[in-house]
Amino acid sequence: MKRYRYSALLLFIFGLYAATGWWGLSLSPISGFATLVWPPTGIALAALYFLGLRMWPAVAFGALFINFLIGAPLWVALIIATGNTLEMVVGAYMLRTVFDFNPLFRRLWDTLYFIFVCTLTPVIAATVGTFALVLGGMIAEGQILFTWSAWWIGDSLGSFILGGFLLRWLFKPRFVRSRNQWIELSAAFSLLIAANFAALMQLVPIFNYLPITYFFVPYLWLAIREGARAITLASLIVSGFLVFETIAQIGLFAGQPLLENMFLSQMLLGILATIFLVIAATMEERRVTNALLQRNISELERALRRVRSANKAKNDFIAILAHELRNPLAPIVTSLEILSLDKGEDEEHRRLRERMASSAQTMRTLLDDLLDISRITRRGFRLQKSRVDLRQIIQTSVASVEGLMRDRKHTLTIIPSEEPLWVDVDPMRIEQVLVNILNNAGKYTENGGRIMLLSTRTKKEAVIKISDTGIGIAAERLPYIFEPFQRSSASQARAGGLGIGLSLSYRLLKLHGGTIEVASKGEGTGSTFTISIPLIHAEQLSVALPAGKELGARKKPTPSPLNIVLIDDNEAALATLEALLETEGHTIQTAGDGRAGVQKILLEKPDVAIVDIGLPDVDGYQVARSLRRQGFTGMLIALSGYGQDEDKQKAYAAGFEHHLTKPARLSDIQSILLRAKSAAEEVAEPLMKPAV
Ligand code: ADP
């Protein structure tokens with residue numbers, strides 16, 4: 001079966017080779033054997049390329065048959081056939097194996113290599129063939145060069161024009177174009193055919209001096225827009241026209257003698273086909289590279305989107321985690337505060353309670369940091385700036401780390417700037433940064449170390465240097481130290497922390513237009529952190545006011561008893577807060593959801609309502625709005641796990657006067673309640689009356 005197929009193919013190729021060869025020789029044979037039109041090389045090249053070199057017998061017998069038929073002695077025909085076969089086998093071999101040739105002609109390299117093969121291999125056939133004719137005494141000496149040239153040109157063009165067409169079209173027979181592309185393709189080919197007719201009829205006399213002019217535009221159009229497939233077809237069409245015109249003695253090459261004209265027309269064809277195939281391949285290469293680039297860009301964009309969404313998911317997760325962990329922390333903090341009110345507490349209990357309170361406080365700070373970092377990353381962060389002398393913030397920051405410094409027996413030296421350091425900052429945030437750096441200095445320095453804070457100013461900036469004699473930072477970690485979640489060895493890990501303090505400080509300072517830098521000569525050599533914050537210009541200072549926390553400025557010893565309604569769906573939180581406030585002497589009523597809470601408040605008309613925001617039925621904002629709508633004028637305090645600025649703004653907009661972030665400390669609640677009482681006393685009585 002296989003052999004049968006092979007034989008059938010051999011016979012088919014042989015038939016094609018012999019028929020087209022016969023036709024070619026009948027057109028313009030030179031010395032009876034060489035011709036300028038020789039399609040068999042194109043057929044043989046395609047056959048051997050696609051079907052394999054084993055198809056060589058078809059070529060050999062085809063060549064032998066024709067040459068014998070037109071009158072060569074058998075031995076001459078045999079030599080010619082050997083040359084012709086060798087030519088095709090070498091050509092097909094070079095295309096199939098030597099280089100990574102691709103008949104799509106989408107790379108310039110493929111085209112140049114194909115041209116090289118098509119011009120090189122016919123040298124074999126032309127040389128062997130001419131030699132055989134000389135040996136057989138069939139051509140005169142004077143005809144040798146002419147015969148050789150005709151042989152070479154005929155074979156080259158056969159391979160290049162017909163071979164190129166067959167390779168390109170058979171390699172990928174199917175092609176798809178959109179409707180518009182079909183229209184354009186048809187228009188370009190119509191123009192090409194029109195150009196051929198114009199040349200045939202010699203319609204533009206001036207073009208006749210340079211016949212390439214006729215074909216230039218349609219060829220260029222096809223090369224640029226339609227690529228190699230169209231160009232190989234175009235060359236075949238032009239070749240058909242030119243051969244026909246020349247043989248028929250009409251058109252551009254109508255003069256005498258026929259042979260010279262055939263030379264001219266075939267050379268024109270060769271030049272056209274070469275130039276425009278090269279242009280087409282260059283354009284294809286550009287298109288392919290562009291498409292590849294585009295694909296790479298799209299892949300990169302997709303990857304970037306994935307990273308962004310993963311990053312967003314991470315930040316969302318951190319925010320939710322921090323929030324969810326705050327909820328259970330609230331009753332713990334409150335319970336500990338209730339316990340602290342017990343005057344008869346024994347020493348052991350006090351120690352345990354204080355340890356628990358300190359752990360709860362650490363956890364609260366960690367959760368706050370986590371929330372802050374995720375908010376800064378999500379750009380949902382607003383600073384509450386005011387103009388302050390940085391030395392004040394330094395003072396309060398130092399006060400909050402004094403305990404740690406004492407516990408670890410560090411010597412803390414403060415060298416303040418003698419001149420004021422006026423800056424426009426969010427004092428809480430800058431304090432957070434300083435406390436963080438000082439805490440680190442305390443944490444990462446062996447007990448009994450020395451820590452120094454120096455503040456100075458340059459022309460434009462306030463500069464704070466915090467140095468320690470601690471464990472230092474290895475050089476390879478320095479570049480990454482301000483990245484989130486950067487922690488070092490286990491011994492440092494034991495110092496506690498999530499590895500976000502420095503990155504948070506870095507980002508907070510950046511939000512202020514400031515910077516933080518670190519220097520350390522390596523492990524064991526201590527570290528120095530340098531913070532710079534832009535100073536305010538002198539002219540802006542006229543309105544600058546020293547910052548001072550207003551909170552608790554109005555001093556009243558203890559709040560007088562109030563009626564308070566608490567709304568929270570978390571029973572533990574509700575019970576502990578209730579117990580805590582009752583120990584303060586207040587009267588407490590509770591509700592577990594929003595609707596019940598609203599009813600209770602409207603009924604009881606308490607002085608104060610403390611409302612959790614995340615309620616199961618209606619949220620705290622709706623509770624506040626509904627209460628205000630129905631005329632409730634008592635104080636509304638929102639209690640929520642989310643302590644971000646926008647949450648506070650939302651709460652105020654809904655009608656709350658205060659916002660507490662869970663877990664709320666008794667001292668915070670107390671200071672608000674103090675104001676509630678005084679406000680209630682100041683406000684005219686009728687306002688407390690229910691609205692009708
Ligand atoms: P945390 O202290 O919670 O781990 P930070 O972001 O504050 O997170 O610090 C990140 C890391 O930088 C720390 O784990 C520690 O390894 C290193 N580091 C910070 N400050 C110092 C310091 N003063 N001396 C030595 N190492 C430090």
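1. The domain bounds used in this note come from an automatic or database domain assignment. On that basis the chain is divided into domain 1 (1-174), domain 2 (175-295), domain 3 (301-377), domain 4 (387-540) and domain 5 (563-684). The centres of domain 4 and domain 5, taken over C-alpha atoms, are separated by 38 Å.

2. Please keep in mind that this is a predicted model, in which local features need pLDDT of at least 70 and side-chain atom pairs count only at pLDDT 80 or more, while totals for chains, interfaces and linings use all residues. Residues are numbered from 1 along each chain as its sequence is written, and side-chain values use heavy atoms, with hydrogens and water left out.

3. Side chains of opposite charge can pair when their charged atoms come close. A salt bridge is taken here as a side-chain nitrogen of Lys or Arg within 4 Å of a carboxyl oxygen of Asp or Glu, and a search of the whole structure finds 15 salt bridges.

4. One of these salt bridges joins the side chains of R351 and E348, at 2.9 Å from N to O. The two residues are three residues apart in helix 11 (residues 347-377), and are therefore separated by about one helical turn; helices (H or I, at least four residues) and strands (E, at least two) are DSSP runs, numbered from the N terminus. For accessibility, buried means under 20% relative accessible area, exposed means over 50%, and partly exposed lies in between (1.4 Å probe, protein chains only). R351, at 37% relative accessibility, counts as partly exposed, and E348, with a relative accessible area of 42%, is partly exposed.

5. What does D372 pair with? D372 forms a salt bridge with R429, and the closest N and O atoms are 2.8 Å apart. Because D372 lies in helix 11 and R429 in helix 13 (residues 427-443), the pair ties together parts that are 57 residues apart in sequence. Both D372 and R429 are buried.

6. A further salt bridge brings together the side chains of R391 and D389, at 2.8 Å from N to O. R391 counts as partly exposed at 26% relative accessibility, whereas D389 counts as buried at 8%.

7. D426 deserves a careful look, and its place is in the loop between strand 3 (422-425) and helix 13. D426 is buried yet has no salt bridge, and the nearest side chain of opposite charge, R429, is 4.5 Å away; in this count Lys and Arg are positive and Asp and Glu negative, while His and the chain ends are not counted. A polar atom of the D426 side chain lies 2.8 Å from the backbone nitrogen of Q384. Leaving aside residues up to four places away in sequence, D426 touches L383, Q384, K385 and H512, where contact means heavy atoms within 4.5 Å.

8. The 23 residues of helix 8 (residues 179-201) should span 33 Å at 1.5 Å a residue, which agrees with the 33 Å between its end C-alpha atoms; the expected span is 1.5 Å times one less than the number of residues. Buried residues in helix 8 include E184, L185, F189 and L192, and what covers the buried residues includes helix 9 (212-248). Helix 8 is followed by Q202, whose phi is positive, near 50 degrees.

Notes
A polar contact is a pair of N or O atoms within 3.5 Å; within protein, one must be able to donate a hydrogen and the other to accept it, and residues adjacent in sequence count only if both atoms are side-chain atoms.
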